Amino acid sequence: MIRENKHISSRQTFSSLAILTALIIIGAGVMMAQYRYNPAVLQKDALLPAADKFSRSSPPSAEKSFLPLPHGLVPLTAGEIFEAQNLSDKINGKAELYLSAGFARLVSQRFKDERASDLWIEAFLYDMTNGHNAFSVFSAQRREDGIPLDLTRYSYRTSNALFLVHGRYYIEMIASEASERVVQPMTSLAERFIHNTRTETAVINEMELFPQQDLVADSIALISSDAFGYEGLDKVYTAEYELDGAGLMAYFSRRQTVEDAEKLSTSYRNFLVNFGGQTIETQLPIKAAQLVEILDTYEIIFLYGAYMAGVREAATIDQAKKMALRLYDRIKEVSGDS
């Protein structure tokens, strides 16, 4: 009787071990399936879907593109994804510009032209969270030799590159050479991206606050942080002017409240004085206008409602006053604030 019980116990033990082993194999198989590359899943969760957001899936292989390609362009490398913590790995030396302007994510990839095997284009698609942030880096990176394009409201090209803002995205396309033959493939690639990416149009209404007279074309820019070397000055719109035969800059920043604008105006004036600026008495029909001479140039800082505004790098006091009055009148006309 005892020997029969031992035999049954051994058989049960063997069966239990077999079942346990099978469960372990099944579990391992499920885990492997979760991490195995699946082209169908990657295609469904494209990196730039129509829903206007980047997927968190793995980058595609060199045979896949993260955006629809025009005829003649094929992937040359696998796509790469960069977040805030590793952006400097891709654009060392410039990462802070993007991070301070609201950077969310970068996707980049190289494509080659099948009709010209030695020609390739690298696309950089920066998700900057909103259109103002995208315009900020677009304006900061603007090249003087740019040729305006009508792809989007803010777009231009150079001999080897193309730059544009499409909603929340700032896009750079850099070709392997500077020639006319790179224009068509870069333009086609940009058009495909614009057509296949739904996003709100980036419209910078603040541009309307700058006077048009003597304005240097395509000089309006947005500084996201640390404007003019002052840490407390952010979200500053600037524009270049040629007035009375010399250049100077006009700028403004809308603050949350009138009190915030007043505090910022005072602290920025103090910043200039601490770096050698000299306050000069001036007669201007502008609230709280302050004239500072610094490094052989003249600056005027003034207030209008919640706006802190002014001019910089004027060659003469008269030039500074003339530009300050124009800017003041334009802000007053457009904003209607009191």
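**View 1. The lining of the largest pocket holds 14 nonpolar, 5 polar and 6 charged residues.** Ala, Val, Leu, Ile, Met, Phe, Trp, Tyr, Cys and Pro count as nonpolar, Asp, Glu, Lys and Arg as charged, and the others, Gly among them, as polar. The model is predicted: local features need pLDDT of at least 70, side-chain atom pairs count only at pLDDT 80 or more, and totals for chains, interfaces and linings use all residues. Residues are numbered from 1 along each chain as its sequence is written, and side-chain values use heavy atoms, with hydrogens and water left out. The largest pocket has about 540 Å³ of space. Of its 25 lining residues, those closest to the centre are Arg 142, Ala 217, Asp 218, Ser 219 and Ile 220. A pocket is an open set of points on a 1 Å grid over the protein atoms alone, where a 1.4 Å probe fits, with protein on both sides within 12 Å along at least five of seven lines; lining residues have an atom within 4 Å of a point. Grid points are joined across faces, edges and corners, and the volume is the space filled by probe spheres set on them. H4 gives the largest share of this lining, 4 residues. Helices (H or I, at least four residues) and strands (E, at least two) are DSSP runs, numbered from the N terminus.

**View 2. The second largest pocket has about 340 Å³ of space.** It is lined by 16 residues, and His 132, Glu 206, Leu 222, Lys 235 and Tyr 237 are the closest to its centre. H4 and E11 each give two or more residues to this lining. By class, the lining has 6 nonpolar, 6 polar and 4 charged residues.

**View 3. An open sheet of 7 strands runs in the order E9-E10-E11-E15-E14-E13-E12.** The pairing is antiparallel; two strands pair if DSSP finds at least two bridges between them. Strand E9 (221–223) and strand E12 (278–280) are the edges, each pairing on one side only. From one strand to the next, the twist averages 25°. E14 (residues 297–304) and E15 (residues 307–314) pair over 6 bridges. Ile 301 stands opposite Gly 310 in E15.

**View 4. Helix H4 (residues 131–140) lies across E9 and strand E10 (236–243).** H4 runs at about 105° to E9. Axes are lines fitted to C-alpha atoms, for helices over the stretch in contact (heavy atoms within 4.5 Å); angles run from 0 to 180 degrees between N-to-C directions. Helix H6 (residues 258–274) runs at about 165° to E14.

**View 5. Confidence is lowest in helix H2 (residues 39–44), at a mean pLDDT of 27, and highest in E10, at 98.** pLDDT is the predictor's confidence in each residue, from 0 to 100.
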